[in-house]
Amino acid sequence: MKKNLVIAIDGYSSCGKSTLAKALAKKLGFIYVDSGAMYRAVTLYFLRNNIDVTDDADVLNALQHIELNFHSRDYESHITLNGEEVSDEIRLMPVSENVSEVSAHKTVRYEMVKQQQRMGKSKNIVMDGRDIGTTVFPDSPLKFFMTADPKIRAERRFKELESKGNNQTTLEEVFENLAHRDYADTTRKESPLVRAEDAIILDNTNLTQEEQLRFALEKVEALQPRTS
C-alpha cells in the first residue's frame, strides 16, 4: 500500500459518508478523520459563546481559543473541544441548523483546511467532508462523491437522532434542514460542495453498508500495481 495515501470522500449530508469512511479505514488500517465534526465543533463553540459569524474580528478571535483533537476507540472517531468530549452534542439540531453558515466563513475554512492538510502529510487517512477532493486534497488519487435520494437521507438522519434519544425533532424538520444545508453547501462562496472531475460517484440510495464498502474496496484494489 502506498504511504501517505489520502482517500477523499465528499458528498451531501446524511449520505453515509462517515459510515463508509470509518468502515474503509478499519478494513485498510488507515486513520479516519471526520472533517465535518471539526466544523460542527467550531459551530458548537460559536453557539455557546454567542459568536457573531458575520463579525470577522469576532470569528478570528474565537478561533484562537478553539483546540480540537481526535481520538479513536474501535475505529470510532471522537472529537474534543478544548478537552471536552462533544461527539454527541455536535450532532444535535441546534448545531445542524447553524453549521452551514459557520463552515461557509472564509476564515473558519482556512483554519480547518490547514489542520486537515497537516493530518494527511505523514499518515494513510480516509477523510470525509464537503471539499476534501476539491480543496483539501485535490491531488488525492482516489476520490468518492456520495449521493442518495433526499427522502432516504432524511429518514436515515431521523433514525440516527432517535437512536441518540432526540425525540423532539420531526422527520419533516430533518428533511427541511437537509434541503437548507444542501442549498447552503452548494452555493456558498468558499469551497462549495461540488464533485471533483475525477471523483467516483457512489449513489447508495439502494445499497447496503456492506455493498458500498465492497464497491469502495474494489476501487482501492484497482490502485495497487499488478504483479505478474
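Tutor: For the charge count, Lys and Arg are taken as positive and Asp and Glu as negative, while His and the chain ends are not counted. Each charge is placed at NZ of Lys, CZ of Arg, CG of Asp or CD of Glu. On that basis, the 31 positive and 36 negative charges of the chain have mean positions 7 Å apart.

The model is predicted, so local features need pLDDT of at least 70 and side-chain atom pairs count only at pLDDT 80 or more, whereas totals for chains, interfaces and linings use all residues. Residues are numbered from 1 along each chain as its sequence is written, and side-chain values use heavy atoms, with hydrogens and water left out.

The chain has ten helices and eight strands (DSSP runs numbered from the N terminus: H or I of at least four residues for helices, E of at least two for strands). Its radius of gyration is 17 Å, close to the 17 Å from the globule rule for 228 residues, so the chain is as compact as a globular protein of that length. The radius is taken over C-alpha atoms, and the rule is 2.2 Å times the number of residues to the power 0.38. The C-alpha trace spans about 60 × 35 × 35 Å along its principal axes. Of the contacts with a separation of 6 or more, 74% are between residues 24 or more positions apart; contact means heavy atoms within 4.5 Å.

Now the pairing. Two aromatic pairs are found in the whole structure. Rings of Phe, Tyr and Trp (its six-membered ring) pair if their centres lie within 6.5 Å; planes under 30 degrees apart count as stacked, over 60 as edge-to-face and the rest as tilted. One of the pairs is tyrosine 12 with phenylalanine 145: the ring centres are 5.8 Å apart and the planes stand at 80°, so this pair is edge-to-face. Tyrosine 12 is in the loop between β1 and α1 and phenylalanine 145 is in strand β7, so the pair ties together parts 133 residues apart in sequence.

The partners differ in cover. Tyrosine 12 is partly exposed at 23% relative accessible area, and phenylalanine 145 is buried at 8% (buried is under 20%, exposed over 50%, partly exposed in between, with a 1.4 Å probe and protein chains only).

Serine 14 has a positive phi of about 60° although it is not a glycine. Most residues other than glycine have a negative phi. Its relative accessibility of 21% makes serine 14 partly exposed.

On the phenylalanine side, the loop between α7 (132-136) and β7 (142-147) holds phenylalanine 137, which is buried at 11% relative accessibility. Apart from neighbours within four places in sequence, phenylalanine 137 contacts Val6, Gln116, Gln117, Gly120, Ile125, Met127, Ile132 and Lys143. Beyond the strand, aspartate 149 lies in the loop between β7 and α8 (150-163) and is partly exposed at 33%.
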